[in-house]
Amino acid sequence: IAEICLLGKGENSIFETEQDLKELNLKSIPVYTRIADIREANRIDSIVSEFKPDVVFHAAAHKHINLMELNPCEAFENNVIGTHNLAKISGKHKVSAFVLISTDKAVNPTSIMGCTKNHAEKAMLMVSRIYPETKYTAVRFGNVLGSRGSVLTVWEKQLRSGQALTVTHKDA
């Protein structure tokens, strides 16, 4: 039986994703929602225990580079500690596959966000040695146009309100 459990800290994101899935009219696939913070290991353990997923797609990360420069502790706790918690709990519950959605900025990090995603990948690799029966994988994406955090959404808003487009990188 195929099921989907959407888990996230942000209720709006979970609600919108649930609505998107309902629009696809997948009546044969039940969709469940849970609001939780991946830094809260006991809560995450309870949810993974309840649903017993075959695959965990982990995309819960702080992604805004400038905001993370101003909030490095938050970036570390969410991106590194949260990833470590979720990877470990997935292994403990014998999840078949754990997929970390990472970033190209983890390769040679020059920002807090890139560094924390690099460390998240390393934390996942460390956990993979403890739980070899779970297949751990990281997938790195660059800037995905139109995705949450994409500069296109900022520019689109600026254009709609008649503002000039802002470009923050000196080489752009």
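First a term: I call a residue buried when its relative accessible area is under 20%, exposed when over 50%, and partly exposed in between, using a 1.4 Å probe and protein chains only. On that basis, 31% of the 172 residues of the protein count as buried.

A note on what I'm looking at: this is a predicted model, where local features need pLDDT of at least 70 and side-chain atom pairs count only at pLDDT 80 or more, while totals for chains, interfaces and linings use all residues. Residues are numbered from 1 along each chain as its sequence is written, and side-chain values use heavy atoms, with hydrogens and water left out.

**Overall layout.** I found six helices and five strands; these are DSSP runs, with helices being H or I of at least four residues and strands E of at least two, numbered from the N terminus. Along the sequence I read the pattern β-α-β-α-β-α-α-β-α-β-α. The C-alpha atoms fill a box of roughly 50 × 40 × 25 Å along the principal axes. I then checked contacts, meaning heavy atoms within 4.5 Å. Of the contacts with a separation of 6 or more, 66% join residues 24 or more positions apart.

**The core.** Which residues have the most contacts inside the largest nonpolar core? They are Ile44, Leu86, Phe98 and Tyr136, in a core of 17 residues. Such a core is a set of buried Ala, Val, Leu, Ile, Met, Phe, Trp, Tyr and Cys residues joined through side-chain atoms within 4.5 Å. At least two residues each come from α2 (41-51), α4, β4 (97-103) and α5, and α2 gives the most, with four. I looked at Leu86 too: leaving out residues up to four places away in sequence, it touches Ile38, Ile44, Val56, His58 and Phe98.

**α4 with α5.** The axes of α4 (residues 72-92) and α5 (residues 112-130) come within 9 Å and cross at roughly 20°. I take axes as lines fitted to C-alpha atoms, for helices over the stretch in contact, with angles from 0 to 180 degrees between N-to-C directions. Angles under 35 degrees count as roughly parallel, over 145 as roughly antiparallel, 65 to 115 as roughly perpendicular and the rest as oblique. α4 and α5 are therefore roughly parallel to each other. Their contact includes Phe76 and Val80 of α4 and Met113 and Ala120 of α5.

**α2 with α4.** Here I get an angle of about 35°, with the axes 10 Å apart. Ala41, Ile44, Asp45 and Val48 in α2 meet Asn85, Leu86, Ile89 and Lys92 in α4.

**Two residues I followed up.** Beyond neighbours within four places in sequence, Lys92 is in contact with Asp45 and Tyr131. The C-alpha atoms of Lys92 and Ile35 are separated by 21 Å, at 57 residues apart along the chain.

Leu7 is in strand β1 (residues 4-8) and is partly exposed, at 30%. Not counting residues up to four places away in sequence, Leu7 touches Ile14, Arg34, Ala36, Ile38, Ile44 and Ile47. I also noted that Leu7 and Ile35, 28 residues apart in sequence, are 5.8 Å apart in space, C-alpha to C-alpha.
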